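Here is a short briefing for a first look. Start with the chain below, then work through the topics in turn.

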Amino acid sequence: VKIFDIEASIIRWNILPDVAVEAYAYNHQVPGPRLQMTEGDHVRINFHNNLPESTTVHWHGLIVPNEMDGPAKITQDPVPPGGSYTYEFTVGQSGTYFYHSHDHPDRQQALGLYGALLIAPKDPSAEVKADLDYTIQLQEWLKREWLTYPAMLMEGALPNYFTINGKAYPSTDTVPMKVGQTIKLRFIGTNNNFVHPMHVHGGPFEVVAVDGVTLNESARYQADTVNVGPGQRYDVVWTARKPGKWLVHCHIPHHTANNNVEQQGGGGLMLVLDVK
Ligand SMILES: [Cu+2]
């Protein structure tokens, strides 16, 4: 049995050096810890709720026993403040998935309760190979003056900050690469509102998996933009063809600004693949 301990609580989280949000977080980080599993694993997740309200955890895209699925008041009693719940199941799939809160859905995930679930296939040769592997979890935030609100696609609640793995550009990672190397970018729609057209500069990538399912070779296709909607995952393999700084970014320009301000060429949903 592979055991994970996850706790939900409220934290202060810097999405930029000078911008902090009040977030709901798993294990004091946004996104929550990346859970690495292998197809066939039996996993037990000891969950503890330190939030001031009830919550649950859902395993997005996984086939699990119904009582392990997470929807509050539908498959389980919500976990009260101070309470615990043990999620236990056998992992029968592989690929890119995520977990998130499934209680108070209009706000808890939007405040930070999500994390990646990366499941390796039992047969390692079934994995689509790349030299590097980088996971991109999207999120939208609304921060006004000193208060953080869950962003909603609703008048008065639209987001003004956007993050990749909990950071807005220029605080996002820069990924070092060498010419000729390949990178598997795993886009995860952990955001709750927009469909983000995620674009990579420097030539097309190959879409190799959708929603955790590896495409047959004949079904893989070349593109340079994938529309990543809430809940969706796209694994794409990009080749570093030429040296230089190649951008990965959302193609909705407002999503590449921080509260409508550009810093060092952009903001929000942007990161650099730095090819030497
Ligand atoms: Cu966007």
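K73 is found in the loop between strand 5 and strand 6. Strands (E, at least two residues) and helices (H or I, at least four) are DSSP runs, numbered from the N terminus. This is a predicted model: local features need pLDDT of at least 70, side-chain atom pairs count only at pLDDT 80 or more, and totals for chains, interfaces and linings use all residues. Residues are numbered from 1 along each chain as its sequence is written, and side-chain values use heavy atoms, with hydrogens and water left out.

**Backbone**

- Most residues other than glycine have a negative phi, and most peptide bonds are trans.
- K73 has a positive phi, near 70°.
- K73 is exposed, with a relative accessible area of 69%. Exposed means over 50%, buried under 20%, and partly exposed in between (1.4 Å probe, protein chains only).
- N259 also has a positive phi, near 50°. It sits in the loop between strand 20 and strand 21 and is partly exposed, at 35% relative accessible area.
- V30 and P31 are joined by a cis peptide bond, with omega about -5°. P31 belongs to the loop between strand 2 (19–26) and strand 3 (35–38).
- Y169 and P170 are joined by a cis peptide bond too, with omega about 10°. P170 belongs to the loop between strand 11 (161–164) and strand 12 (174–177).

**Copper site**

- H196 (ND1), C250 (SG) and H255 (ND1) coordinate the copper ion at 2.0 Å. Donors are N, O and S atoms within 2.8 Å of the metal (3.2 Å for Na, K and Ca); water is not among the atoms, so sites may look incomplete.
- Along the chain, the donors follow the spacing H-x53-C-x4-H.
- H196 lies in strand 14 (residues 196–200), and H255 in the loop between strand 20 (244–250) and strand 21 (270–275); this pair links parts of the chain 59 residues apart.
- Both H196 and H255 are buried.

**Aromatic rings**

- Rings of Phe, Tyr and Trp (its six-membered ring) pair if their centres lie within 6.5 Å; planes under 30 degrees apart count as stacked, over 60 as edge-to-face and the rest as tilted.
- The count by this rule is six aromatic pairs.
- One is W59 with Y87, edge-to-face, at 5.5 Å centre to centre and 70° between the planes.
- W59 lies in strand 5 (residues 57–60) and Y87 in strand 6 (residues 84–90), so the pair ties together parts 28 residues apart in sequence.
- W59 and Y87 are both buried.
- Ring pairs link Y26, F47, W59, Y85, Y87, F89 and Y99 into a cluster.

**Nonpolar cores**

- A nonpolar core is a set of buried Ala, Val, Leu, Ile, Met, Phe, Trp, Tyr and Cys residues joined through side-chain atoms within 4.5 Å.
- The largest core has 28 residues; I136, L185, F187, V226, W238, V248 and L273 have the most contacts inside it.
- A second, separate core of 26 residues includes F4, L35, V64 and Y99.

**Annotated domains**

- The unreviewed UniProt entry annotates residues 13–122 and 156–258 as "domain: Plastocyanin-like".
- Residues 13–122 are 0% helix and 45% strand, with end C-alpha atoms 36 Å apart.
- Residues 156–258 are 0% helix and 48% strand, with end C-alpha atoms 17 Å apart.

Notes: UniProt positions renumbered as here; feature names shortened; annotations may be inferred.
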